[in-house]
Each structure stands twice: as C-alpha cells, then as structure tokens.
Amino acid sequence: MKSIIQVNHLRKVYGKTVAVDDISFEVQEGEIFGMVGPNGAGKTTTIECLEGLRQPDGGSLCVLGVDPQKDDTILRSNTGIQLQQSNLPDRMKVWEALDLYSSFYTHAVNWEGLLSQLGLEDKRNTPFAKLSGGQKQRLFIALAILPDPKLVFLDELTTGLDPQARHAIWDLVKDVRSKGKTILMTTHFMEEAERLCDRVAIIDHGRLVALDEPAALIRKLGGKERVAFNLESSMPADFEKALARLGLVEIEGERVIVSGNDHHQAELVGEVVRLLTTTNTRFRDLRTEEPNLEDVFLKMTGRAMRE
Amino acid sequence: MKSLLKMTWMEAKLFLREPVGAFFTLAFPLMMLFLFGSIYGNSPTSMFNGYGTVDISIPAYTAMIIATTGLMGLTITLASNRENGVLRRLRTTPVSPLAILAAQVIVMFIMTSLGMLFLVLAGKFVYHVHFEGNALSIAAGFVLSCLSFYAIGFILASLVPTARTAQVVGMVLLYPMLFLSGAGFPRELLPETIKKISTFLPLTYVVNLLRGLWIGESWEQHLISVAILGTMLVVGILASVKLFRWE
Ligand SMILES: Nc1ncnc2c1ncn2[C@@H]1O[C@H](COP(=O)(O)OP(=O)(O)OP(=O)(O)O)[C@@H](O)[C@H]1O
Ligand SMILES: [Mg+2]
C-alpha cells in the first residue's frame with residue numbers, strides 16, 4: 001500500500017491560539033482514516049490545510065504527491081470535499097447544484113443515482129434555503145462524492161443526520177472505499193469511527209494523542225469489561241468480599257457494577273453468575289459492558305468540557 | 001468552457017429568481033419610461049434641444065440600470081456569496097477562479113442589456129423615439145460604461161465585510177448619484193449648483209456619453225467621458241486583483 005497523504009510536523013497558529021501543534025501522520029491509499037477529538041482540537045484546521053484552504057505555519061504536507069499550497073490543480077480535480085461549514089445560494093435547487101458541480105469534473109458520477117442513495121429524490125426541485133439541516137448535509141456529501149475523486153475529505157460526516165440517514169451514509173462511504181478511494185473524515189460519533197474507520201487518530205489541543213485501528217485502541221486503552229446487575233434481595237454475608245476478588249466493585253443502591261481485572265469478559269460474567277447462584281442471590285437486568293472507543297476517547301482527552 | 005456556460009446559465013436563473021434585483025433592472029426603468037412618457041409624451045421641446053422626454057430618457061435610464069447592476073446587483077451577490085461560503089465551496093473545485101467571476105459579470109451584462117433592450121423596444125414601438133446615432137457606436141459606449149461600473153462594483157465587493165454592508169454602501173452611493181447625474185431624471189431640470197456637483201459623479205459621464213452617442217454626437221466630443229470611464233475600468237481591475245477576497 002502506498003501513502004496518499006503525508007503530514008509532517010504540521011503547525012498552525014491563529015494569533016495566540018495554537019490550533020495545530022506538531023501533528024504528523026500518514027494516510028494509506030484505500031483506507032478510511034478518521035480524526036476524532038473534542039471541539040476546537042484542531043481537526044478542521046488540519047483537514048483544511050490538507051485541502052489547501054488554509055496555509056500552515058510550519059511542517060510539510062504532501063497530498064496526492066503534491067504540496068497543497070503549491071499545486072492546486074491536481075488537488076482540485078482529484079479530491080471531493082465536504083466542508084464542516086458551507087452554503088449554496090439560497091435559491092439554487094438541489095438538482096441544479098448537482099448538475100452544476102458535475103460540470104466541473106471530467107469523470108463525475110451520475111448524480112441521479114446519488115440523489116436516490118441519499119434520499120433526496122423528493123427534494124430535487126427544492127431550493128437550498130428550504131432544505132432541513134440534515135438534507136443540506138446530505139447534499140454536501142453528494143457534492144463531495146460526485147467527482148468520483150481519488151481522495152474524499154469529509155469534515156463531520158454525519159452531524160445533524162438521523163439514524164436512518166447515518167446508516168445509509170456509512171454504506172455509501174464504504175461503497176466509495178470499496179472502489180479503491182481513500183477517505184479522510186472527522187466525526188464526533190465514536191460509534192461511527194469504530195464502525196467505519198480503518199484507523200482513527202485522536203487529536204486533542206492540536207496534538208495527536210493516539211493513532212491505531214479502533215479495535216487496537218480499545219484493546220490497549222479501553223480499560224476493563226464490566227458486568228452490572230440489580231439485586232432483588234439483600235446481599236448475603238460475605239457476598240461483597242467474594243465479588244471483590246473478581247474485580248473492582250461499585251454499589252449504588254441496588255445496582256452493582258463489577259469491573260473485571262484481567263479476566264476475559266466471558267470468564268467475568270461466568271464467575272459473577274456462579275457467585276450469584278451459589279449464594280442464592282436473586283438478581284435482574286444483568287448486563288455486560290464492553291469497553292468501546294468512547295471510553296478510549298474520554299480516557300485520552302479527559303472529561304472536562306472545552307471552551 | 002462547459003462549466004463557464006453552466007455557471008453563467010445558473011447565475012442567470014438565480015438573478016431572475018431574486019425579485020428585487022430583477023425588478024430594478026428589468027421592470028422599474030420601463031415603468032418610469034411609461035410613466036413620464038404618458039405625462040409628457042415625446043414631442044420635441046426646446047428644453048431638451050429639440051428632443052422629446054422619451055428620447056433623452058432611454059439613454060439616461062440605461063445609465064441608471066448600469067449603475068444599479070454595477071453598484072448593487074454585482075456587489076451584493078459577490079458579498080453574499082463570500083459571506084455564506086459559497087465562493088469558498090466553489091474554490092475547492094477545479095473550476096477556475098476567473099470563470100467564477102466571469103459568470104457573474106456576464107450575467108450582469110446580459111441583464112443590463114435586456115433592461116436597455118426593453119427600453120429601446122418600448123421607445124420604438126410606443127413613442128416613435130428619435131435615434132440618430134450609430135448602433136455599433138452606442139453598443140461600444142454601453143459596453144465601456146458597463147465594464148467601468150462593474151469594475152467599481154468589484155472594488156466595493158472586495159471592501160465590504162458582509163452582504164448587508166454591501167447593500168447599505170451600494171444604496172448610499174447609488175441613490176444620490178441617480179438624482180444628481182441626470183440618470184434618474186433629466187439634468188436640464190436641476191439647478192446650476194447641483195449640475196456642478198454632478199461633474200464629480202462617475203455616472204454623469206455615462207449619461208453624457210450615452211445621451212451624446214444616442215443623438216449621433218461623435219466620440220471626439222466625449223473624450224472626457226471616455227477617459228474617466230476608461231480610468232475607472234483600469235483602476236477597478238487593478239484594485240480588485242489586489243483586494244478581492246474569496247472568504
Ligand atoms: N479562522 C480562525 N481564526 C481564528 N481561530 C481559529 C480559526 N479557525 C479555528 N480557530 C481556532 O483554532 C482551534 C481549532 O479549531 P478547529 O476548527 O480546527 O477545531 P475542530 O477540531 O475542527 O473543532 P470542532 O469539533 O468544534 O469542529 C480552535 O481553538 C479555534 O478557535
Ligand atoms: Mg471542526
């Protein structure tokens with residue numbers, strides 16, 4: 001596999017704000033590469049430097065073999081771009097936007113097909129200003145995919161979309177990847193990053209804090225599996241002590257949560273259930289919780305809200 | 001080329017969907033012509049040197065349309081497309097920046113020409129207007145006037161931060177100019193002092209040039225107008241190349 005984007009020590013400063021502080025990574029051809037991070041982490045700044053829309057203050061970039069600041073013809077004709085914030089003229093109709101943008105590219109895909117894949121058929125004659133937020137978002141995704149480009153940038157892929165649309169768009173993005181295209185996307189939905197991305201970069205305060213396949217990140221950084229249940233009767237004597245041998249125990253009223261030590265999940269569940277039955281303890285709502293990317297994210301970036 | 005055509009066609013549709021702009025470019029001047037035509041007719045009067053009200057109104061209202069599209073239409077469209085990020089989105093595509101701007105200029109030019117055409121047709125068929133000039137000559141004067149005002153429009157569009165400001169600045173420049181330059185109503189009706197002020201207004205030179213060419217005066221008699229409009233055009237282009245912002 002060859003790398004299609006190289007970012008070396010990228011830096012971007014706005015006045016006193018260091019938006020991107022020494023970020024380096026590579027994106028391989030044919031992968032879906034995700035960037036996640038709290039608000040203001042520097043994702044949009046990074047992606048827009050790669051798109052040639054912002055000028056870096058330091059480091060070097062190479063996209064499709066060229067420096068985005070220098071050669072913008074190669075970049076413009078071989079990338080599809082969805083900006084985090086964008087607009088079309090209020091009175092431009094959906095089909096007109098697709099038709100117009102098709103005329104800019106030599107190998108544009110048939111936009112009629114995209115219209116139905118994105119559920120916009122009923123809206124083809126609706127002016128841009130009259131679309132709902134999610135419909136606008138879908139139109140912009142269509143405009144990004146339309147050129148059938150080698151590389152697609154999607155900044156906040158499914159923000160504002162309902163679950164149906166989100167699933168449809170995940171399929172669409174996977175389709176695009178299966179045609180050998182590369183996708184660089186950002187998202188605030190950890191489930192989306194986990195399901196869709198081949199690799200995920202976690203960015204915080206303009207720095208890269210972790211980068212790997214979602215499963216690997218979870219394995220390395222996700223923490224323990226948990227088993228939670230509600231007690232129906234009072235706790236037998238010594239029950240808590242016995243539980244504590246299995247893992248960390250938290251008790252809130254009748255809710256009990258056990259976070260496993262080094263157990264495999266199956267083992268932990270087995271042990272907990274065996275303990276419950278041997279001590280004849282009545283329980284309900286037993287659930288197991290696997291660590292996920294959200295746990296990794298919160299662990300790496302903290303729980304404090306950003307300005 | 002294909003994208004320039006598509007974009008021009010699209011911008012033309014958008015222009016016509018914007019009721020205010022379309023009204024002041026295509027309908028309002030015609031309404032004025034019919035209004036004053038029905039009051040004064042088109043009989044020759046000594047005040048207008050032997051020409052009628054409609055004879056002198058057609059070139060004057062054409063100047064009015066040129067100023068409206070240049071200072072308002074073009075400026076507001078560009079400023080609002082920049083403010084909303086429409087221009088930024090277009091810049092991420094392979095379409096050339098020049099084509100994006102050219103499409104706007106072409107559409108404004110076509111709409112201004114249509115506005116003039118309606119006036120000329122109404123004048124010809126309703127008021128039997130006197131035209132003593134040379135069609136090619138007046139077309140050349142019209143193109144020069146349009147381009148010089150569009151160039152000013154580009155400077156304004158580069159300087160104003162928002163569409164709202166574009167609208168206010170456009171109105172502040174346009175309305176006094178329409179009254180004082182002889183475009184909105186005949187300069188012959190204005191007092192002497194105001195005629196002096198009018199020599200400082202660029203639109204005055206459009207009115208002079210078009211009125212002169214309309215009645216068959218020569219270009220030599222209007223070298224001052226040509227020089228002033230030509231300078232506006234060159235300065236406007238140079239300044240906008242330096243000042244124009246896409247976001
Ligand atoms: N044009 C700008 N001028 C000044 N500061 C900016 C500009 N753009 C971004 N910033 C600042 O740079 C930092 C990074 O912003 P950026 O938009 O890259 O964050 P992000 O990770 O995309 O956030 P979000 O998830 O909210 O979209 C923020 O602190 C922001 O305030
Ligand atoms: Mg962002």
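Trainee: Over how many bridges do strand 1 (residues 3-14) and strand 4 of chain A pair?

Mentor: In this predicted model, strand 1 and strand 4 of chain A run antiparallel to each other where they pair. The number of bridges between strand 1 and strand 4 of chain A is five.

Trainee: Which are the edge strands of the open sheet in chain A?

Mentor: The open sheet has three strands of chain A in the order 2-1-4, with antiparallel pairing. Each edge strand pairs on one side only.

Trainee: At about what angle to strand 1 of chain A does helix 1 (residues 43-50) of chain A run?

Mentor: Helix 1 of chain A lies across strand 1, strand 2 and strand 4 of chain A. Its direction relative to strand 1 of chain A is about 120 degrees.

Trainee: Is strand 10 (residues 226-231) of chain A largely enclosed or largely open, and how many of its six residues are buried?

Mentor: Strand 10 of chain A pairs in the antiparallel sense with strand 12 (residues 255-260) of chain A, and also with strand 13 (residues 283-289) of chain A. Strand 10 of chain A is largely enclosed by the rest of the structure, because its buried residues number five of the six.

Trainee: Does B:F125 count as buried or exposed?

Mentor: B:F125 belongs to helix 5 of chain B and is one of the residues of a nonpolar surface patch. Exposed means over 50% relative accessible area. Because B:F125 has 60% relative accessibility, it counts as exposed.

Notes. Residues numbered from 1 in each chain as written. Chains lettered and ligands numbered in written order. Predicted model: local features only at pLDDT ≥ 70, side-chain atom pairs only at ≥ 80, totals over all residues. Heavy atoms only, no water. Buried < 20%, exposed > 50% of the residue type's maximum accessible area, 1.4 Å probe, protein only. Helix = DSSP H or I, 4+ residues; strand = E, 2+ residues; numbered from the N terminus. Pairing = 2+ DSSP bridges. Patch = residues over 30% accessible without salt bridge, like charges linked within 9 Å, V, L, I, M, F, W, Y side chains within 5 Å. Areas by Shrake-Rupley, 256 points an atom, 1.4 Å probe, with all protein chains shown as cover. Salt bridge = Lys/Arg side-chain N within 4 Å of Asp/Glu carboxyl O. Contact = heavy atoms within 4.5 Å. Axes fitted to C-alpha atoms, helices over the stretch in contact; angles between N-to-C directions.
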